[in-house]
Amino acid sequence: MSLRLSTAILPVDRWHEGGRAKWQRAEELGFHAAYTYDHLSWRTFRDSPWFGALPTLTAAATATDRLRLGTLVTSPNFRHPVTLAKELISLDDISCGRITLGIGAGGNGFDATALGQEAWTPKERADRFGEFVPLLDRLLTEGAVSQRGTFYAAEEARNIPGCVQRPRLPFAVAATGPRGLKLAARHGQAWVTTGDPKLYEEGTPEQSVEALRGQVEKLGKACAETGRNVAELDKILLTGFTPDRGRPLESVDAFVDFAGRHQALGFTEIVVHWPIPDSDFAADQFVFEKIATEGLKQLD
């Protein structure tokens, strides 16, 4: 499968002061998809402008025609499957079937306590994720759902007419642990990783490649255990969190080298962050756009 190039546009701009222009430019540049983070706030942007993911994607859907759109990633931290399903069905309709839901277990950042709850333990996050994803799957594929679980319940929840995409919009499941990988194998149309976070500070690019190779192998085993062909899943790498950091965006050659090494591991989609000055995602806009238009051609 040929490699696709996508971008992540963080929701940091007012829509009429540069926000809309970025999404439209992403389409003009030929990106396969443009994603945004689904957080209430995030890391170094905690005290800076930060807008909601689903309203932003709704606006992006009306401002573009071909570009796929999605979250990287939504989590149970402040979402409920019943209300999320209704919003996703609406968004899929508005976009004429261009939505991908990136979904993960969440972390212990600002989202974890914004609603006044104690941050969940890793086990509780995994437990909730294991209940959240199957219920959301049902809500997006069935006209009426009743289910009562340990953490989430639905009572005669109606989702008519369902998604434009059938049987539902695709899930891109972010996971590296065994329970999450099994969810990706059972419910995902794609799998998402950012690499091994333990290598970010002091690891090397070579160590990162080996760690990612191991993750891909574990995904294959999870698929085999559930009777799924791992080749059916797209494999998405969200860049910026490996030891390479921003180096792949320093030049077209640097990107081609990075993308080629990861394509060889089986990745089918690389996601690069839209440049944000004076941040961890700072990059030269001209070089970034040249990568968007020329980078993949050198891998053919």
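Contact here means heavy atoms within 4.5 Å. The model is predicted.

Start with the helix pair. Two packed helices are described by the angle between their axes and the distance between the axes. Helix H3 covers residues 81–94, and helix H4 covers residues 122–141. Their axes lie 9 Å apart, at an angle of about 45°. The crossing of the two helices is right-handed.

Which residues in H3 and H4 meet? H3 brings Pro81, Val82, Leu84, Ala85, Leu88 and Ile89. H4 brings Phe132, Leu135, Leu136, Leu139 and Leu140. The contact of H3 with H4 has 11 nonpolar residues, no polar ones and no charged ones.

Move on to strand E4, residues 99–103, which holds Thr100. Is Thr100 buried or exposed? Its relative accessibility is 10%, so Thr100 counts as buried; the cut-off for buried is under 20%. The side chain of Thr100 makes a polar contact with the side chain of Arg68, at 3.0 Å. Leaving aside residues up to four places away in sequence, Thr100 touches Tyr35, Arg68, Leu69, Gly70, Thr71, Pro170 and Ala172.

Now look at the backbone. Most residues other than glycine have a negative phi, and most peptide bonds are trans. Some places in this model depart from that pattern.

One joins Leu72 and Val73, with omega about -10°. Val73 sits in strand E3, residues 68–74. Another runs from Ile160 to Pro161, with omega near 20°. Pro161 belongs to the loop between strand E6 (153–158) and strand E7 (171–174).

Positive phi comes next. Arg43 is a residue other than glycine, yet its phi is near 40°. Arg43 lies in the loop between strand E2 (33–36) and helix H2 (53–63). Its relative accessibility is 53%, so Arg43 counts as exposed; exposed starts over 50%.

Asp278 also has a positive phi, near 55°. Where is Asp278 found? It is in the loop between strand E10 (269–273) and helix H8 (285–294). With a relative accessible area of 82%, Asp278 is exposed.

Note on methods: Residues numbered from 1 in each chain as written. Predicted model: local features only at pLDDT ≥ 70, side-chain atom pairs only at ≥ 80, totals over all residues. Heavy atoms only, no water. Axes fitted to C-alpha atoms, helices over the stretch in contact; angles between N-to-C directions. Helix = DSSP H or I, 4+ residues; strand = E, 2+ residues; numbered from the N terminus. Left-handed = near helix turned anticlockwise from the far one by under 90°. Nonpolar A, V, L, I, M, F, W, Y, C, P; charged D, E, K, R; others polar. Buried < 20%, exposed > 50% of the residue type's maximum accessible area, 1.4 Å probe, protein only. Polar contact = N/O pair within 3.5 Å; in protein donor to acceptor, adjacent residues only side chain to side chain.
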